[in-house]
Amino acid sequence: MTTLTHRTRRTEVSKNSEKKIESEEDTNQERSPDNEDSGDSKDIRLTLMEEVLLLGLKDKEGYTSFWNDCISSGLRGGILIELAMRGRIYLEPPTMRKKRLLDRKVLLKSDSPTGDVLLDETLKHIKATEPTETVQTWIELLTGETWNPFKLQYQLRNVRERIAKNLVEKGILTTEKQNFLLFDMTTHPVTNTTEKQRLVKKLQDSVLERWVNDPQRMDKRTLALLVLAHSSDVLENVFSSLTDDKYDVAMNRAKDLVELDPEVEGTKHNATEMIWAVLAAFNKS
């Protein structure tokens with residue numbers, strides 16, 4: 001599991017001295033890519049997976065850190081949250097024997113195509129699977145982390161490359177070939193830096209100027225992206241450009257957010273259960 005780290009040259013910021021910024025309360029409806037907050041209406045629409053990969057890519061080099069072994073599972077978690085927020089899947093209702101998020105199975109709500117190849121491929125797997133599986137099991141199956149040879153068919157292959165190609169088509173990345181001594185590797189440098197900076201600023205603002213100290217009042221897609229960025233070990237990339245003081249405040253608040261009890265938060269009014277179920281799965285792994 002990833003951890004949130006502080007720069008060694010920085011001193012700890014006292015949480016009691018943080019000035020809390022008031023922010024307008026989000027609407028009670030979960031927002032899909034088609035009805036996201038109007039402030040982003042003129043921006044390119046990206047899936048959660050595309051946003052996570054974009055945050056993890058080195059701008060000029062066009063590839064993620066070789067030491068990051070978390071982003072693969074993070075992208076699969078993003079697929080499940082994206083499907084839930086688009087009304088395609090949901091968690092089975094809690095029962096006396098299955099109260100915990102990690103015990104409840106992922107159920108199909110609608111099999112109508114989303115238009116995204118990875119989402120539709122996952123949707124097809126979920127529809128065809130009997131018995132149904134939990135969120136944690138689906139993340140493992142989609143990543144290929146299973147000892148059951150009969151379930152390797154559920155592994156999503158070349159996920160990063162396929163997501164990168166989507167970003168190329170949307171004009172955010174380009175495709176190049178780089179030589180690494182013994183082999184050539186396809187890379188995808190960032191060409192639309194404005195879009196990436198918009199995404200970075202959106203996350204920075206969510207824990208600074210627009211911090212509300214209540215995840216239920218946050219924009220659902222922003223909350224999901226913070227959880228996924230943390231789980232994919234790319235949150236440091238988001239906050240690295242901040243000044244010392246703001247960096248510490250942002251890290252403290254993000255740390256507080258991902259250390260909340262998913263079981264408690266998932267039962268609150270207007271909560272998106274799939275976000276908290278994915279966080280619970282990563283906390284357990």
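Helices (H or I, at least four residues) and strands (E, at least two) are DSSP runs, numbered from the N terminus. This is a predicted model: local features need pLDDT of at least 70, side-chain atom pairs count only at pLDDT 80 or more, and totals for chains, interfaces and linings use all residues. Residues are numbered from 1 along each chain as its sequence is written, and side-chain values use heavy atoms, with hydrogens and water left out.

**View 1. Confidence along the protein chain.** pLDDT is the predictor's confidence in each residue, from 0 to 100. Its mean for the protein chain is 85, and 84% of residues reach 70 or more. Over residues 8–41 the pLDDT is below 50. Beyond near neighbours in sequence, this stretch still has 61 contacts (heavy atoms within 4.5 Å) in the model. Where pLDDT is low, the predicted coordinates should not be read in detail.

**View 2. Helix α2 packs on helix α3.** Residues 71–85 form α2, and residues 117–128 form α3. Their axes (lines fitted to C-alpha atoms over the stretch in contact) lie 10 Å apart. The angle is about 85°, on a scale from 0 to 180 degrees between N-to-C directions. The two helices are therefore roughly perpendicular (65 to 115 degrees). From α2 come I79, L80, E82 and L83; they meet L118, L119, T122, L123 and I126 of α3. By class, this contact has seven nonpolar, one polar and one charged residues.

**View 3. After helix α4.** G144 follows α4. The phi of G144 is positive, near 90°.

Note on methods:
Parallel < 35°, antiparallel > 145°, perpendicular 65-115°, else oblique. Nonpolar A, V, L, I, M, F, W, Y, C, P; charged D, E, K, R; others polar.
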